[in-house]
Amino acid sequence: MDLSQTNAGTGGSSGNGMVSNQTNDTGAVDDPKQNLNQVINSIQKTLGLLHQLYLTVSSFNAASQLPLLQRLNSLVTELDNMVNLSEKCNIEVPMEVLNLIDDGKNPDEFTRDIINSCIAKNQVTKGKTDAFKSFRKHLLEELEQTFPDEVESYREIRASSAAESKRLAQSQSMLPNGDVKVKPEI
């Protein structure tokens with residue numbers, strides 16, 4: 001009981017009801033990861049306070065009324081702190097995830113379904129790409145039999161165009177697919 005009373009008394013709450021957050025003492029933080037970490041820490045602290053409250057209520061007697069009130073005040077203060085911290089976070093959660101949680105299911109099912117859907121769409125796209133490659137190869141073979149000079153001219157133009165694109169991409173630090181190379185931060 002002493003440990004939980006000590007934790008409740010030092011739960012980041014000063015006597016005037018204000019929450020002292022050590023990470024915000026140096027100024028405003030606009031880093032999204034830092035904001036998210038602060039919200040996560042606040043959630044964990046709230047869960048700890050709820051657990052302490054549960055222990056106090058489950059073994060309630062007249063002597064535990066003051067610790068109960070202190071823990072309730074700490075919980076209210078931490079919930080207020082969580083609301084203030086969450087205003088700095090801009091996280092969008094799909095409604096499907098919330099519906100899964102409401103139904104008592106694991107939200108990882110949503111991620112698994114999305115990944116499986118992406119894999120299926122990727123396979124369809126790969127099949128289409130392979131079909132177009134096969135069609136192009138077959139078409140060039142047929143054209144080469146009928147119009148050998150024109151196909152040879154086409155291949156020369158295509159090769160010079162590809163070489164020019166590659167040279168231009170290298171001069172502009174671009175990848176062959178058109179993406180720009182990004183230097184890793186050290």
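## Basis of the model

This is a predicted model, in which local features need pLDDT of at least 70 and side-chain atom pairs count only at pLDDT 80 or more, while totals for chains, interfaces and linings use all residues. Residues are numbered from 1 along each chain as its sequence is written, and side-chain values use heavy atoms, with hydrogens and water left out.

## Overall architecture

The secondary structure of the chain comes to six helices and zero strands, where helices (H or I, at least four residues) and strands (E, at least two) are DSSP runs numbered from the N terminus. Read from the N terminus on, the elements therefore follow the order α-α-α-α-α-α. Of the 186 residues of the chain, 18% count as buried, a class defined as under 20% relative accessible area, with exposed meaning over 50% and partly exposed lying in between (1.4 Å probe, protein chains only).

## Helix α2 and its buried residues

Helix α2 has 27 residues and reaches 39 Å from its first C-alpha to its last, which is close to the 39 Å expected at 1.5 Å a residue; the expected span is taken as 1.5 Å times one less than the number of residues. The buried residues of this helix are N35, Q38, V39, S42, T46, L49, Q52, L53 and T56.

N35 counts as buried because its relative accessibility is 4%. A polar atom of the N35 side chain lies 3.5 Å from the backbone oxygen of K88, at the limit for a polar contact, which is a pair of N or O atoms within 3.5 Å; within protein, one must be able to donate a hydrogen and the other to accept it, and residues adjacent in sequence count only if both atoms are side-chain atoms.

## Salt bridges

Side chains of opposite charge can pair when their charged atoms come close. With a salt bridge defined as a side-chain nitrogen of Lys or Arg within 4 Å of a carboxyl oxygen of Asp or Glu, the count comes to five. One of them joins the side chains of K45 and E78, at 3.5 Å from N to O. This pair links distant parts of the chain, with K45 in helix α2 and E78 in helix α3 (residues 65-86), 33 residues apart. K45 is partly exposed, with a relative accessible area of 28%, whereas E78 counts as buried at 3% relative accessibility.

Another salt bridge joins the side chains of E164 and R167, at 2.5 Å from N to O. These two residues are separated by about one helical turn, because they are three residues apart in helix α6 (residues 148-171). E164 is partly exposed at 39% relative accessibility, and R167 is partly exposed with a relative accessible area of 47%. R112 also forms a salt bridge with D113, the closest N and O atoms being 3.7 Å apart; R112 is partly exposed at 46%, as is D113 at 43%.

## Nonpolar surface patch

L36, I40, I91, V93, M95, L98 and I101 form a nonpolar patch on the surface, with about 600 Å² of accessible area together. Patches are made of residues with over 30% relative accessible area and no salt bridge, like charges being joined within 9 Å and nonpolar side chains (Val, Leu, Ile, Met, Phe, Trp, Tyr) within 5 Å; accessible areas come from the Shrake-Rupley method with a 1.4 Å probe, and for residues only the protein chains shown count as cover.

Helices α2 (32-58) and α4 (95-102) each supply at least two residues of the patch, and the largest share, three residues, comes from α4. M95, one of the patch residues, is placed in helix α4 and is exposed, with a relative accessible area of 54%.

## Helices α4 and α5

V97 is found in helix α4 and is buried, with a relative accessible area of 12%. F110 is found in helix α5 (residues 108-146) and counts as buried at 19% relative accessibility. The C-alpha atoms of V97 and F110 are separated by 6.3 Å, although these residues are 13 apart along the chain. For F110 and E96, 14 residues apart along the chain, the C-alpha separation is 7.2 Å.

## Cysteines

The count of disulfides comes to zero, a disulfide being a pair of cysteine sulfur atoms within 2.5 Å. C89 is buried, with a relative accessible area of 19%, while C118 counts as partly exposed at 47% relative accessibility.
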